[in-house]
Amino acid sequence: DGNKLWATISTVDGLGNRLTTHESSFHVTAQQINAIVSRVDTIDGTISRAGWITSADGNRLWASKSLENGGTIVSFINQSAEDVAINAEHIRLEGLVTANEYFKVLEDGSIEGYSVEELNIDNVNAGKTLFELYDLTGKEKYRKAIDLVYSQIKKMPRTKEGNFWHKNIYPNQVWLDGLYMCQPFYMEYETRFNDKKNYDDIFSQFFNVAEHMRDPKTGLYYHAYDSSREMFWCDKVTGLSQNFWLRALGWYSMALLDTLDKADASVGEPYEKMKQIFVDLMDSMLKYQDESGMWYQVVNFGGMDKNYLETSGSSIMAYSLLKGVRLGYLPESYREYAEKAIDGICAKYLKTDEGKMSLGGICLVAGFGGKNNRSGTYDYYMSEPIVEDDAKGVGPFLLAYTEMLTYKKNNK
């Protein structure tokens, strides 16, 4: 079990009554290093603890306080190679703070923390907010920033089929996530500022995904595709990853929907073809909706050991169904499937404790390769952390809930 150092000391009053007890421990094993310091205060009835854990997967820094009334306050910072999560009742940030690398737009249109040359498709997504900022303020710095983000699109490397690489560090790879991160911005730019010159490019990237990544038996889409067939996680014949990950299918459904929403429908055939791809995906997903209203982490393996009903992807599907109905792409009857999903999420994962609301059941992250050699197997998707209140779950839930409330408000 490794080596452990431990120390304790108690303070007492003049009558020998114990007032506080301090303990600390330092535990080293082959798998991790763990340190804890605690204080038990018999005067105010509190127990305070703090510590850290370091393993090959990352670092966890935490603190907790058990109150006399039985309640507990907990905060933590989780760090892995892919993600940093901060959770606390109050978070105070001082100095210059950037959010998603798009917080501060300078007068010349440059964006603090953003690098075009990183060629990371994820970085395009937040650029969508620049259109609204430009419309609201009329400030030229936002127009310049829009052009800056668009310049990344012009530089993105592509697969032999013509799709953008997911990131420069993931050559020849298309992930479903990436279509949501880029294509709605790309379409809005073309519609507003470039006379629709690259509409064919946008539509063809979706059509390529439908051709190469859709499973004809289930109607679902594999999470990723390696055009080169070189990655260890892909099928050497098809180039596909192994499984249907719920949130990736959600990102893809939003990509279809939000890109169509920014397109000019008068272009005709390609618009209608892409709309049908969206409708077909929704019909395929409904076949796998659990009786609870939610969907499973690996969509087509509901009930398999370790598989679980996942919040972020279920929320995205609810949003896509509701917005699809609102835009007239889906029948009105599909609204009930979305509302059933929202009800299921609320029943299973939305909790209120001492007035604080929390949303659980959120897969923190999933991907391929990288430092941890993520394999895309079923067991891999089950191994990623399940967390509470992560933005990738809370955001889609709020989008879905807003769609539902807007409908109810307009149809009283």
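The questions and answers below walk through a predicted model of one protein chain.

In this predicted model, local features need pLDDT of at least 70 and side-chain atom pairs count only at pLDDT 80 or more, while totals for chains, interfaces and linings use all residues. Residues are numbered from 1 along each chain as its sequence is written, and side-chain values use heavy atoms, with hydrogens and water left out.

Me: What is the mean pLDDT of the protein chain, and over which residues does pLDDT stay under 50?
Reply: The term pLDDT stands for the predictor's confidence in each residue, from 0 to 100. Of the residues in the protein chain, 92% reach 70 or more. Where pLDDT is low, the predicted coordinates should not be read in detail. The mean for the chain is 90, and the stretch that stays under 50 is residues 94–102.

Me: How many helices and strands are there in the protein chain?
Reply: Helices (H or I, at least four residues) and strands (E, at least two) are DSSP runs, numbered from the N terminus. The C-alpha atoms of the chain fill a box of roughly 90 × 55 × 50 Å, taken along the principal axes. Within the chain there are ten helices and 13 strands.

Me: Of the 412 residues of the protein chain, what percentage count as buried?
Reply: A residue is called buried under 20% relative accessible area, exposed over 50% and partly exposed in between, using a 1.4 Å probe and protein chains only. By that rule, the buried share of the 412 residues is 48%.

Me: Is A255 buried or exposed?
Reply: A255 has its place in helix α5, and, leaving out residues up to four places away in sequence, A255 touches L179, Y180, P184 and F206 (contact means heavy atoms within 4.5 Å). The C-alpha atoms of A255 and P184 are separated by 6.5 Å, although these residues are 71 apart along the chain. Because its relative accessible area is 0%, A255 counts as buried.

Me: Which helices do the buried residues of α6 pack against?
Reply: Helix α6 has 18 residues and spans 26 Å from its first C-alpha to its last, close to the 26 Å expected at 1.5 Å a residue, where the expected span is 1.5 Å times one less than the number of residues. Its buried residues include Y271, M274, F278, M282 and M285. An α-helix has 3.6 residues a turn, so residues three or four places apart point the same way. The buried residues of α6 pack against α4 (199–213), α5, α7 and α8.

Me: Which residue forms an edge-to-face aromatic pair with F278?
Reply: Rings of Phe, Tyr and Trp (its six-membered ring) pair if their centres lie within 6.5 Å, and planes under 30 degrees apart count as stacked, over 60 as edge-to-face and the rest as tilted. The structure holds 22 aromatic pairs, and the one with F278 has 6.3 Å centre to centre and 70° between the planes. The pair links F278 in helix α6 (residues 269–286) to a residue 51 places apart, in the loop between α7 (311–326) and α8 (335–349). Its partner, buried as F278 is, is Y329.

Me: Over the ring of which residue does the charged end of R143 sit?
Reply: A charge sits over a ring if NZ of Lys or CZ of Arg is within 6 Å of the ring centre and within 35 degrees of the ring normal. R143 is one of the buried residues of α2, and its charged end is 3.8 Å from the centre of the ring in question. That ring belongs to a cluster linked by ring pairs, including Y134, Y150 and F164, and the residue is F193.

Me: Is T311 buried or exposed?
Reply: T311 lies in helix α7, and beyond its neighbours within four places in sequence it is in contact with M294, I345, Y349, L359, G360, G361 and I362. Since its relative accessibility is 0%, T311 is classed as buried.

Me: Is D195 buried or exposed?
Reply: D195 is found in the loop between α3 and α4, and its phi is near 55°, a positive value in a residue other than glycine. Most residues other than glycine have a negative phi. Because its relative accessible area is 63%, D195 counts as exposed.
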